[in-house]
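Morning, everyone. Please bring up the model on the screen. I'll take the aromatic rings, then a helix pair.

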Amino acid sequence: MMSDADPQIYLASRSPRRRELLTQIGVRFAVVEAEVDETRHPGEHPEDYVLRVALEKARQAYAALPPGDARPVLGADTTVVVGEHILGKPATLEDCLAMMQALSGRSHRVLTAVALIAPDGERTDLSESRVTFRSLTQDECLRYWLTGEPQDKAGGYGIQGLGALFIAGLNGSYSGVMGLPLFETGRLLGQAGIELIPNTAVRASVPTAQVPTETTP
């Protein structure tokens, strides 16, 4: 999928939410498939894990580009952390119910890493948010699973969908919890020389200065 005939970057993700967020900030992109092993290494801290996976996605996609294509590749990965325990994507109803039980009535962390690979090197950044869930009943968790929404979401919920009904508080980045922190992403793109707000738009918005003329009394 390509958002424009002349993309500025490549996105190493099939996530529709990341595509939506990049489109929101006006980035022209094309999607490049990247399949990496997301198994957590023994003793690996959640922050190290999510940064590694995001970087591996970007590296794999960058290596697959045609020779001479110098456009940057953006990779990202999101994980939900309760204590030091990482919650992945629920594969079954039982997985979902266990995750909802772990999140119910307490706060957890959402870590989203972004990695950008360009000809001048690799850059990474990390967004950390704290999300607080209200207490959930097993019946509403079951009904939530049956909507189909939890099945491709880290931690088993989507903040941009029905999962928002469970969230009593958020301290951090809404877009980061959604899957692509726009502040960190914009910072990396800017460091790579990608202009997100065109100069022409800025110039057009600046009013012409009115120079007062002198009058003879």
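Which residues do ring pairs link into a cluster? They are Phe133, Tyr144, Tyr157 and Phe166. Keep in mind that this is a predicted model. A search of the whole structure turns up three aromatic pairs.

Take Phe133 and Tyr157. Their rings pair edge-to-face, at 4.9 Å centre to centre and with 70 degrees between the planes. Phe133 sits in strand E6, residues 121-133. Tyr157 sits in the loop between helix H4 (138-146) and strand E7 (167-171). So the pair ties together parts 24 residues apart in sequence. Both Phe133 and Tyr157 are buried.

Next, Phe133 with Phe166. This pair is tilted: 6.0 Å centre to centre, 55 degrees between the planes. Phe133 is in E6 and Phe166 is in the loop between H4 and E7, so this pair links distant parts of the chain, 33 residues apart. Buried or exposed? Phe166 counts as buried because its relative accessibility is 5%. Phe133 has 2%, so Phe133 counts as buried too.

Now the helices. The axes of H3 (residues 93-103) and H4 come within 10 Å and cross at roughly 130 degrees. The two helices are therefore oblique to each other. H3 passes H4 in a right-handed crossing.

Who makes the contact? From H3, Leu93, Cys96, Leu97 and Met100. From H4, Gln138, Cys141, Leu142, Tyr144 and Trp145. By class, that gives eight nonpolar residues, one polar and no charged ones.

One link back. Tyr144 belongs to the ring cluster, and Tyr144 is also one of the H4 residues in the contact with H3.

Technical notes: Residues numbered from 1 in each chain as written. Predicted model: local features only at pLDDT ≥ 70, side-chain atom pairs only at ≥ 80, totals over all residues. Heavy atoms only, no water. Phe/Tyr/Trp six-rings, centres within 6.5 Å; stacked < 30°, edge-to-face > 60°. Helix = DSSP H or I, 4+ residues; strand = E, 2+ residues; numbered from the N terminus. Buried < 20%, exposed > 50% of the residue type's maximum accessible area, 1.4 Å probe, protein only. Axes fitted to C-alpha atoms, helices over the stretch in contact; angles between N-to-C directions. Parallel < 35°, antiparallel > 145°, perpendicular 65-115°, else oblique. Left-handed = near helix turned anticlockwise from the far one by under 90°. Contact = heavy atoms within 4.5 Å. Nonpolar A, V, L, I, M, F, W, Y, C, P; charged D, E, K, R; others polar.
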